Amino acid sequence: RIHPGDVLVLDKTAEEMRLRLLRAEITKLSPQVHAAPRPPEPVQTILTSDIEPFLSKPLVIAQNELAEAPRIVRTQENRVSLGAGNVAYVQGITKDKGNYWQIFRVGAALTDPETNDTLGYEAIYLGEATVAKYGDVSTVDIVKSPLEIYAGDYLLPAPREIELTNYIPHSPAKKIDARIIAAYGSLYETGGNSIVAISKGARDGLEVGHVLA
């Protein structure tokens, strides 16, 4: 048998030429791991443009947080679904909350995989609307709708602009052992610059800017 790396010699010493395998000592090498300490690296900042849209929308809500929220009771011309440019009729809107609103639908429960406790619910962001006419049933114009909007969906006042000038990445003061329990958009797999929900929060000592591995 011959193998890659073997040397073949054309032997002319005999009456008939023949091929001969030149045997040589071969040392087989196997991959090995070499561990060496690395100096600590600074935590990289995240671009404000990458995260600001997700900080202005309450993606996680408490169980009854939307129970008393204004709700779409009728759609324009009784359509099944609405989108940008359509009109909806909403019950429960008051002038003191402003005229710009965000539209949500209650999503799946977010459950702690270790305790099976329900930590909250995903709020599915559907779009945004402005109030055209106030009343017992107010008229709103839908100005943005990445997803279809239906009768029964809820509205929350759009938050004020969020200042991120003092946003500084830093490590938590204590060890945080969390699990990813959901990915934004109901994705099964996720990656860089994606948004996920984890099983720990403010009551566990997490704050804005904390970085976890």
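Me: Which residues form the nonpolar patch on the surface?

Reply: This is a predicted model, to be clear. In it, the patch is made up of Ile2, Leu8, Leu10, Met17 and Leu19, and together they have about 570 Å² of accessible area.

Me: Where's Leu19, and is it buried or exposed?

Reply: Leu19 sits in strand 2, residues 18–22. Its relative accessible area is 64%, and the cut-off for exposed is over 50%, so Leu19 counts as exposed.

Me: OK, inside now. Which residues have the most contacts inside the largest nonpolar core?

Reply: That core has 14 residues, and the ones with the most contacts inside it are Ile72, Ile93, Ile103, Val140, Ile142, Ile149 and Leu155. Strand 5 (87–91), strand 6, strand 7 and strand 8 (137–144) each give two or more residues to it. Strand 7 has the largest share, with three residues.

Me: What does Ile103 touch?

Reply: Leaving out residues up to four places away in sequence, its partners include Ile72, Ile124, Leu126, Ile142, Ile149 and Leu155. Asp153 and Tyr154 are among them too.

Me: Switching to charges. How many salt bridges are there?

Reply: The count is five. One of them joins Asp153 and Arg105, at 2.8 Å from N to O. Asp153 is in the loop between strand 8 and strand 9 (154–157) and Arg105 is in strand 6, so the pair ties together parts 48 residues apart in sequence.

Me: Are those two buried or exposed?

Reply: Asp153 is buried, at 4% relative accessible area, while Arg105 is partly exposed at 23%.

Me: What about Arg179, what does that pair with?

Reply: Arg179 forms a salt bridge with Glu114, with the closest N and O atoms 3.7 Å apart. Arg179 is in the loop between strand 9 and strand 10 (180–183) and Glu114 in the loop between strand 6 and strand 7, 65 residues apart.

Me: Asp112 is in that loop too. Why no salt bridge there?

Reply: The nearest side chain of opposite charge, Lys200, is 5.0 Å away, and a salt bridge has to be within 4 Å, so Asp112 doesn't get one, although it's buried.

Me: So what is Asp112 in contact with?

Reply: Setting aside neighbours within four places in sequence, Asp112 is in contact with Asp117, Leu119 and Ser199.

Notes: Residues are numbered from 1 along each chain as its sequence is written. This is a predicted model: local features need pLDDT of at least 70, side-chain atom pairs count only at pLDDT 80 or more; totals for chains, interfaces and linings use all residues. Side-chain values use heavy atoms; hydrogens and water are left out. Patches are made of residues with over 30% relative accessible area and no salt bridge: like charges are joined within 9 Å, nonpolar side chains (Val, Leu, Ile, Met, Phe, Trp, Tyr) within 5 Å. Accessible areas come from the Shrake-Rupley method with a 1.4 Å probe; for residues, only the protein chains shown count as cover. Helices (H or I, at least four residues) and strands (E, at least two) are DSSP runs, numbered from the N terminus. Buried means under 20% relative accessible area, exposed over 50%, partly exposed in between (1.4 Å probe, protein chains only). Lys and Arg count as positive and Asp and Glu as negative; His and the chain ends are not counted. Contact means heavy atoms within 4.5 Å. A nonpolar core is a set of buried Ala, Val, Leu, Ile, Met, Phe, Trp, Tyr and Cys residues joined through side-chain atoms within 4.5 Å.
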